[in-house]
Amino acid sequence: MKKTLILVLLLSSFTCAFAQNEALPRDTSKQQMQKPPRVRRPYFDPAKPDVHDPVMAKGEDGRYYIFATGMGVGVMSSADMEEWQIEPAVLNEIPAWAVDSVRGYQGHTWAPDISYHHGLWHLYYSCSTFGKNGSAIGLAINSTLDPSSPDFKWHDKGMVIVSHRNKDNWNAIDPNLIVDKKGTPYLSFGSFWDGIQLVQLSKEDFQTPVNKPVTIARRYAKKYVNGRNINFTVEGKDTIEAGENAIEAPFIFKKGKYYYLFVSFDYCCRGESSTYKTVYGRSKHIEGPYYDREGRRMDEGGGTYLFGPNEEYFGVGHCSVYHFEGKDYFVSHAYEKAQHGRAKLFIRPLFFDKKGWIVPHADKAD
């Protein structure tokens, strides 16, 4: 269900802008043969780039780097978060382990996550196909993000975790790494099925799961009979499939004494029919439970609305959140109405009030 529908829309957004020029079919008439062949040249807008599922980091060279859905994971950089340029993709070759593990995966790699630990950049990425939960999350590492550095080279470390169709009721895509104050890494991930999962990883390699995934957020509450969990209940109907549990794209951000869990509700990747909404909750513990502003648990359907459809955008979602140069930033893609639903880079400052809840403007914050 994740990124259902339209591969064409994805390829016409971030991926298309980062693709090589592709020759169009030639008209073999005598008149046309006298002209040079037409070439499709995808347009890249440096100020408002097309992008899907962006995450960001500040490199050793002082530039900001965005990693996003694309062939081999798309990359672009900027000196000021205003003007962007294309950089080399992460995966020069399609990982053989992913092709063997995920039926239908052919290199179009989704929803990465980037962070720096123990002298290495860790990039987690998603291998899957539309609407299926036969998926896997992989890991690549690099000592630098600067492509001009002699040390620049991505090393693929292989699989982190995999979900199996008709076996697991969760989906191994949309990873995000968070490390607690003791240095223990946790990976959140998930899309539809049983919602957002959290798994602890080994401190040694930041790759090996040390326990089973547990659900920390879902769109609908579970159904219980005599205290025993049965399955989802959606409008009175039971289901253990992806169904209407339209939640995905977790990101956990630590600020003060709270961990903030951001997720996306509803549907991406439908152009003008996209309905993405970003909601959040918070907890004093990475494992949760996470509560929204109204006191509802996120694993029981809660979530405080943050960004979504408005006069400019059909939907806003799949976010990441960062603290750069003394300011907090919300980074996502948004389906722009003026561009007929194209997915555009969306960056906004975040402000928190004295109680630790997000507010829309600086004058209402601390």
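1. Two strands are taken to pair if DSSP finds at least two bridges between them. Strands (E, at least two residues) are DSSP runs, numbered from the N terminus.

2. This is a predicted model, in which local features need pLDDT of at least 70, side-chain atom pairs count only at pLDDT 80 or more, and totals for chains, interfaces and linings use all residues. Residues are numbered from 1 along each chain as its sequence is written, and side-chain values use heavy atoms, with hydrogens and water left out.

3. Strand β13 (residues 185-189) runs antiparallel to β14, and four bridges join them; L187 has V199 of β14 as its bridge partner. Six residues lie between the strands of this hairpin, where G190 takes a positive phi near 130 degrees.

4. Strand β14 (residues 196-200) is largely enclosed by the rest of the structure, because four of its five residues are buried (under 20% relative accessible area, 1.4 Å probe, protein chains only). Three bridges also link β14 to strand β15 (residues 214-217) in the antiparallel sense, with V214 of β15 as the bridge partner of L198.

5. Strand β6 (residues 74-78) is joined to β7 by three bridges, and Q85 in β7 is the bridge partner of S77.

6. K153 belongs to the loop between β10 (135-142) and β11 (155-163). Residues up to four places away in sequence not counted, K153 touches I141 and N142 (contact means heavy atoms within 4.5 Å). The C-alpha atoms of K153 and L91 are separated by 10.0 Å, the two residues being 62 apart along the chain.

Definitions and conventions:
Buried means under 20% relative accessible area, exposed over 50%, partly exposed in between (1.4 Å probe, protein chains only).
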